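Please examine the sequence and the structure below before reading on. The paragraphs that follow lead through selected parts of the fold.

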Amino acid sequence: MAGDAAPGPGAAWPLARRTGVTRIGVTGHRSIPAALLPSVRSGMRRQLSGGGSLEALTSLAAGADQLFADIALSGGIPVTAVIPGMDYEAHLGDAAARAAYRRLLGVCAARVELPAEATHEEAYYAAGRWIVDHADRLVAVWDGRPARGLGGTGDVVAYARRTGLPVTVLWEPGVRRD
């Protein structure tokens with residue numbers, strides 16, 4: 001079959017082909033409108049189903065990342081936490097977001113601590129790039145608008161698309177975030 005041919009020079013097999021595990025990364029907004037949550041949840045469940053060996057990659061930020069991790073874990077899918085190189089937990093938001101982060105981090109199958117970056121935004125972007133570079137596909141809870149700062153969802157989606165990584169966007173047309 002043509003799909004089974006070896007990749008050309010300088011190219012690599014998708015991670016799933018090399019490891020037998022399909023790695024699904026996530027990027028998304030920290031604030032998801034309540035009206036959108038049911039469709040985002042069902043979309044994430046669809047992306048994390050279908051059999052085979054799966055692994056979820058996430059930075060465990062509030063919002064889309066924590067929701068994705070919870071859904072993966074509830075389905076028995078191991079989660080790898082990708083921690084930006086900075087004082088990450090202190091910048092996760094309110095006490096509830098930090099508590100959820102600690103809870104999820106404690107049950108992750110693996111943890112990747114990235115090197116320190118010069119700014120928080122550069123650290124967020126490095127984490128997003130790491131996820132893209134190590135995933136077989138990306139789930140994006142994204143309103144389609146540009147990132148509000150370097151490393152935001154729009155930047156990670158743009159990077160994924162530049163690299164050719166398949167991206168599934170979970171968002172309803174016309175829904176605006178805060």
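How many of the residues of strand E3 are buried, and what does this say about the place of E3 in the structure? The model considered here is a predicted one. Seven of the seven residues of E3 are buried, and therefore the strand is largely enclosed by the rest of the structure. A residue is called buried when its relative accessible area is under 20%.

The strands that pair with E3 may be considered next. Strand E2, residues 53-58, pairs with E3 in the parallel sense over three bridges. Within this pairing, Ala56 is opposite Val79 of E3. Strand E4, residues 110-116, also pairs with E3 in the parallel sense, here over five bridges. In this case Ala81 is opposite Arg111 of E4. In a regular strand, side chains alternate between the two faces of the sheet. Together with helix H4, the strands E3 and E4 form a right-handed β-α-β unit.

Between strand E3 (79-85) and helix H4 (95-107) runs a loop, and Met86 is found in it. Which residues does Met86 contact, once its neighbours within four places in sequence are left aside? They are His91, His120, Ala123 and Tyr124.

Attention now turns to helix H2, which spans residues 37-47. Its buried residues are Val40, Gly43, Met44 and Gln47. These residues lie on the same side of H2, because they cover an arc of only 100° around the axis. What covers the buried residues of H2? The covering elements include strand E1 (21-28), helix H3 (64-74), strand E5 (137-141) and strand E6 (167-169).

A last point concerns the loop between E2 and H3, where Leu60 lies. Most residues other than glycine have a negative phi. Leu60 is not glycine, yet its phi is positive, near 65°. Is Leu60 buried or exposed? Its relative accessibility is 0%, and therefore Leu60 counts as buried.

Terms used:
Residues are numbered from 1 along each chain as its sequence is written. This is a predicted model: local features need pLDDT of at least 70, side-chain atom pairs count only at pLDDT 80 or more; totals for chains, interfaces and linings use all residues. Side-chain values use heavy atoms; hydrogens and water are left out. Helices (H or I, at least four residues) and strands (E, at least two) are DSSP runs, numbered from the N terminus. Contact means heavy atoms within 4.5 Å. Buried means under 20% relative accessible area, exposed over 50%, partly exposed in between (1.4 Å probe, protein chains only). Two strands pair if DSSP finds at least two bridges between them. A crossover is right-handed if, with the strands pointing away from the viewer, the path from the first strand over the helix to the second runs clockwise. The arc is that of the directions from the helix axis to the C-beta atoms.
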